[in-house]
Amino acid sequence: MKIEMNINGRKRIFDIRPDELLADTLRRHDYTSVRKGCDTTSCGVCTILIDDEPVPSCAYLTVRAEGKKITTVEGIAEEAERLAGCFGDEGADQCGFCNPGIALSVHALKLSAKAPTEENIRHYLVGHLCRCSGYQSQVKAIRRYLGDTT
Amino acid sequence: MKFTNYHRAQSLEDAHKTLQKDKSNTIVGGGLWLKLSRREVDTAVDLAGLDLDLIETTDKTIRIGAMTTLTQIEESDTLRQIASGILVEAVSEIMGRQLRNVATLGGSIIGRYGFSDCITPLLALDARLDFHERGIVSLQDFLTEKGKVDDILKAVVIDKTKAKGYFKKVKKTAHDFPILNVAVVKSEDGTRIAIGSRPAVATLAQAAMDHLAAATTIDKKTITQAARIAKESLKYSTNHRAGAEYRAHLAEVYTRRGLMEVNGLED
Amino acid sequence: MKKTKTVNQRIRSIDGKGIMMGRAAYTDDVAPKEALVIKVLRSPHAFARIKSIDKSKAEALPGVEIVLTHEDFPRNPFTRAGQGYPEPSPHDKYALDDHVRYVGDEVACVAAHDEETAEAALKLLEVDYEIKEPVLDFEKAKGHASIIHAEEGIHEMFPIGFEPEKNVAAAYHMEVDDVEKRLAESEVTVTSSFYTQAQSHTALEPHTVNARLDYQDRLVLYSATQTPFHVRRILSQALEIPLNKIRVIKPRVGGGFGGKQAIHGEMLAAMVTMKTKKPSRLTYTRKEVFEATYTRHPMRIDMRLGATKDGRITAIDCYGLSDTGAYGEHALTVFMVTGSKVLPLYNKVDAVRFHGDVVYTNRVSSGAYRGYGAIQGNYALESAIDMLAEKLGMDPVELRQKNMIAEGETSPIFEIMGEGTEGTAMNMETCKLDHCVKRGMELIGYKDKFPRREIGNNKLRSVGMAIAMQGSGIPYIDMGAATIKLNDDGFYNLLVGATDIGQGSDTILAQIAAEELGVDVEKVVVYSSDTDLTPFDAGAYASSTTYVSGNAVWKAAKTMKKRLIEEAARSLGVEVEDIDFRGTSFKSKKDGEELSLSDLSNTLFYNDDQKQLSVTESYYGTKSPPPFMAGFVEIEIDKETCEYEVVDYVSVVDCGVTINPKLAQGQVEGGIVQGLGMAMTEDVKIAANGKLVTADFLNYKIPTGKDIRKLTTEFAASYEESGPYGAKSVGEIGIDTPPAAIANAVYNALGVRIKSLPITPEKIQAARMEKD
Ligand SMILES: Cc1cc2nc3c(=O)[nH]c(=O)nc-3n(C[C@H](O)[C@H](O)[C@H](O)COP(=O)(O)OP(=O)(O)OC[C@H]3O[C@@H](n4cnc5c(N)ncnc54)[C@H](O)[C@@H]3O)c2cc1C
């Protein structure tokens, strides 16, 4: 079946299977930033934004994305670059497999909350597992990115 | 889950009809739990677009549509006011934002999951389920039933009465199923205690509730007794997350703490 | 220490931006689109013989390209462990075998045009098994009637105590002085057994490989591996493909921690592509990663300590039993590290013994995992030290201070125990353990907080601590090499076989080269690693990259500098001694004439005595200077339910000079949190039939960003003469202390000693019930 969605500001039409999941659709169409880290919706790697809210693309039916606004990290390049700088300053980037997903969640948090506290950040990002960093440097980097200099 | 056809329902009636066409046909809520299943289905019936994702209030009740996402519940000011916001609290501790953005309340109830963090507070809140065909069924009754649900859940209804509430989820990490969960609600009608993930699905600690109902005054002593009864009168089992004994111990401790809190007593 | 511009500075990682922006980087990102998808049929039985496999139905399924079973592979035993050659691991594994030895062991594989077809084909494979009695309890494995490896042809590469007929993969024994005698003479003794569990690495990128034949008909593998050169060697041996026909490329790797220090899907992808002449790809599902890669070796460790009344530790006896699972990868070497990188912490003893067996069982193979035996040994020893302190009526920190290793000292163990063989004597040229302990006490507020405080609400806060050491590469075995190539306009390529697996080695190696060559990091373009293009390196393991590969880079940069000075002198018509090297330019001390690096390199390429300047240098360690650390934890614990959380984890680390302080901090903190996972929640569980219960992130619980909220990390001022710019290693040291520190903190809070990991609230609660 054919479906239409808006990905990173561009209208795209895909031919899909009815039970296809969005991560597979996106990856097949070269959105390489969308990667999979588990099969049980529990690692956060495949996170994308649908209408500006983070969603696990590995479990989201592609048919349901019909007419929706999809954002992958390619669609927030400037923001991702700035966040990368903050990660760099805090030494928060290691293997980076989880980073695109985190960048999208951070972007969504920024859109939805005024001045998120450290607690808000940790709560919002709890679904992003990271095995490398120990998280603290990530949280510092994200606070830096969100303009919290305390 | 694999399916051959996708059907976006035009109405509840349409959804219900489609559901009955083939034994394997299935309603899709958020689709998250379904994704984990190995089922092969003829037609997946999507309830999106039927206005089932609303939280509506009347004078006496709050009606939460079955397609309401956990995030919507987490961010509902209305629900935050109910019984110290225990439903909001319980939901906010389920996995991460991404998951809560997709998981629905309906999908969280229909499977009668033992691990459910939604069912336990809703049971303590004496929630009712509004089905397309069967109409209103109390959650308490629904939980005792067995077998596949062929009906469509439209909404979950709770009362707006003034109550104090307490919820506790015991877990290994912040991103985990419960080892055990406890919800306590005290309103004018009395006290309700629900204990879930024992690991069986939540149930009321009826004997403990009866003990409190019979007591003339509620003080630390009666509460301690009630908590002990909650431990002794319910069945706790062992799985790889925890042993029966530890679960029973947790049930006692948190029932006591919950009762103390809703009664404004210092533990 | 001389002033540095790049080294020991806060430099952003060189690849963070592109990775954050989602650029194609990882193995699966670069897989050919048309590649055949490989799926693996895995054993449902813990131990069985495959009587027959009927693959006709699967082969007949449209879209299926090939089905491979054990009959399709040459019968060459090998070890999947990526280690120096000859390996200290037994050659006890066949690519596919007619026996399966754990639930999840490979039975066959299918390559098809898409994933669905491959999965459908798996279901059509009909396998007839003869089920055998599995050995699941490692304490009963030795001498068990069921022999896990009875097959012909398997062997050890040199004596490691390999006795497969007794289910023993390796054994070890060493003793200094007479332990039994010294223990008998001791005024105070402590005897206790400790159990450590299997832990899963859970790198977020699953094991991934893809293969293709290039236009020269060579096999090209892209693999998410820590050891590309070992992969090439093992493939060549096992599949009988000449080494020169194989190229292994390591793209960006999404975490390893030891889990990718081995061959996993490579064998199958290589064979599929060799047979079909078509590209193929294999990405493990998360379940396969859990079920069929590696875990940490579970162990039982019996610890006996002897001391004088005034607190001098006189004897340590450590017996270990290690569970290597179905295959003996890293069996001996992990086990030896349990002794060699733990026991020297208390080097003033009169007698010390380390001995025990590594046994086979029918569970998933154990393998390399960050900490590599040291974390197991550390938990046992550092728990026992606290027990001894209590018996002596001494503060546990004071007991350590009195007995721990110090700068300038040594331990006989270094000389006795090496990588499966003898070791190398060495003195501790740098050991700031005394500072680490003192500073750690200050940072955690030890004096006020030890052992516990009531904080109301049924809660206590307590502290606990442990000290640790690790190594920096394996002396005389691990070799790293680096090539530096000058380009026109005066920038460099740094080609290293060292494998960046996310730990940031590309960045720190660039920093080392940039520092020596006097240029900005951007002028050093790093490429790692590719067996065709980069020089050899043993790989990313054994905390070797900074020290071993870093030294190779440093040497190469020095040589390049020398060559540049020669060329500049020639160009300026002066003697070498007359050149003032300024990185981006050369100045003649004679007449002040200046030549830019850019001009020099352009001339070298196009105008005058043209040549490519390129140097390669190698390095292998002649010792392995240990990094040290002290870890202090404060926990808050519920007196009734025994649930607890970490309030703060203080790490004070001596890893020499930190080449990149922020990345070093990341290594420590990442290690601490992995160690806390092992200490608190992570537990690989198998059912009675050997099937893995914790096969996904729903059931295997690693810490999240909400669980560990505060980490305080500091580095001791330290300069290791033998290291590049004074550096030692930092990759593993962080993981070692949490299990013992948590165990000690729990004891200090509630007076119960938990002797098996993980330390769950349920175990604490049960221990308290028993005590009352
Ligand atoms: C990784 C993961 C971790 C989780 N952890 C927790 C946890 O810690 N605590 C917790 O409480 N929950 C947890 N859950 C469960 C989650 O909160 C949801 O309850 C679950 O995903 C089901 O919701 P869904 O909307 O995805 O339902 P679906 O998967 O769409 O549906 C589930 C079932 O309900 C049926 N159904 C759905 N809606 C209706 C309807 N309106 N009428 C009739 N039938 C319907 C479906 O046919 C299906 O059989 C977790 C889920 C996942 C995937």
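Reader: Which residues are linked in a network of salt bridges in chain C?
Author: Lys449(C), Arg453(C), Lys459(C), Arg461(C), Glu634(C) and Glu636(C). Keep in mind that this is a predicted model.

Reader: How many salt bridges over all chains?
Author: A search of the whole structure gives 102.

Reader: Let's go to the chain A and chain C interface. How many residues are in contact?
Author: On the chain A side, 52 residues. They touch 59 residues of chain C.

Reader: And how much area do the two bury?
Author: About 4200 Å² between them. Carbon and sulfur atoms carry 52% of that.

Reader: Which three residues of chain A supply more of that area than any other three?
Author: Gln94(A), Cys95(A) and Arg131(A). Together they supply 19% of what chain A buries against chain C.

Reader: How many salt bridges across the interface of chain A and chain C?
Author: The rule finds 10. It also finds 35 residue pairs in polar contact there, both residues at pLDDT 80 or more.

Reader: Which elements of chain A give two or more residues to that side?
Author: Five helices: H1, H2 (77–90), H3 (99–112), H4 (118–124) and H5 (136–145) of chain A. H2(A) gives the most, with 10 residues.

Reader: Give me a specific pair. What does Asp29(C) form with Arg35(A)?
Author: A salt bridge, with the closest N and O atoms 2.7 Å apart. Asp29(C) sits in the loop between helix H1 (16–20) and strand S1 (36–42) of chain C. Arg35(A) sits in the loop between helix H1 (22–28) and strand S3 (47–50) of chain A, so the pair joins two chains.

Reader: Is Asp29(C) buried or exposed?
Author: Asp29(C) counts as buried, because its relative accessibility is 12% and the cut-off for buried is under 20%.

Reader: And Arg35(A), buried or exposed?
Author: Buried as well, at 3% relative accessibility.

Reader: What else does Asp29(C) meet in a salt bridge?
Author: Arg27(A). That bridge is 2.6 Å, N to O.

Reader: Now inside chain C. Which residue does Asp28(C) meet in a salt bridge?
Author: Arg281(C), at 2.8 Å from N to O. Asp28(C) is in the loop between H1 and S1 of chain C, and Arg281(C) is in strand S12 (residues 280–283), so the pair ties together parts that are 253 residues apart in sequence.

Reader: Is Asp28(C) buried or exposed?
Author: Asp28(C) is buried, at 19% relative accessibility.

Reader: What about Arg300(C)? Which residue is its salt bridge with?
Author: Glu139(C). The closest N and O atoms are 2.7 Å apart. Arg300(C) belongs to strand S13 (residues 299–307) of chain C. Glu139(C) is in the loop between strand S6 (126–131) and strand S7 (168–176), so here the parts tied together are 161 residues apart in sequence.

Reader: Where do those two stand on relative accessible area?
Author: Arg300(C) is buried, at 18%. Glu139(C) is partly exposed, at 36%.

Reader: Switching to chain B and chain C. How many residues are in contact?
Author: 23 residues of chain B contact 20 residues of chain C. The two chains bury about 1900 Å² between them, 50% of it on carbon and sulfur atoms.

Reader: Which residues in chain B lose the most area to chain C?
Author: Thr173(B), His240(B) and Tyr246(B). Together they make up 31% of what that side buries.

Reader: How many salt bridges between chain B and chain C?
Author: Four. One of the side-chain pairs in a salt bridge is Arg257(B) with Glu640(C), at 2.8 Å from N to O.

Reader: Which elements of chain B supply at least two residues each?
Author: Strand S9 (163–170) and helix H12 (244–262). H12(B) gives the most to the side that touches chain C, with seven residues.

Reader: Last topic, the surface. Which residues form a nonpolar patch?
Author: Tyr476(C), Ile477(C) and Tyr620(C). Together they have about 330 Å² of accessible area.

Reader: Where is Tyr620(C) found?
Author: In strand S24 (residues 614–620) of chain C. Tyr620(C) is partly exposed, with a relative accessible area of 46%.

Terms used: Residues are numbered from 1 along each chain as its sequence is written. Chains are lettered from A and ligands numbered from 1 in the order in which they are written. This is a predicted model: local features need pLDDT of at least 70, side-chain atom pairs count only at pLDDT 80 or more; totals for chains, interfaces and linings use all residues. Side-chain values use heavy atoms; hydrogens and water are left out. Patches are made of residues with over 30% relative accessible area and no salt bridge: like charges are joined within 9 Å, nonpolar side chains (Val, Leu, Ile, Met, Phe, Trp, Tyr) within 5 Å. Accessible areas come from the Shrake-Rupley method with a 1.4 Å probe; for residues, only the protein chains shown count as cover. Helices (H or I, at least four residues) and strands (E, at least two) are DSSP runs, numbered from the N terminus. Buried means under 20% relative accessible area, exposed over 50%, partly exposed in between (1.4 Å probe, protein chains only). Contact means heavy atoms within 4.5 Å. Buried area is the accessible area (1.4 Å probe) that two parts lose on being put together, summed over both. A polar contact is a pair of N or O atoms within 3.5 Å; within protein, one must be able to donate a hydrogen and the other to accept it, and residues adjacent in sequence count only if both atoms are side-chain atoms.
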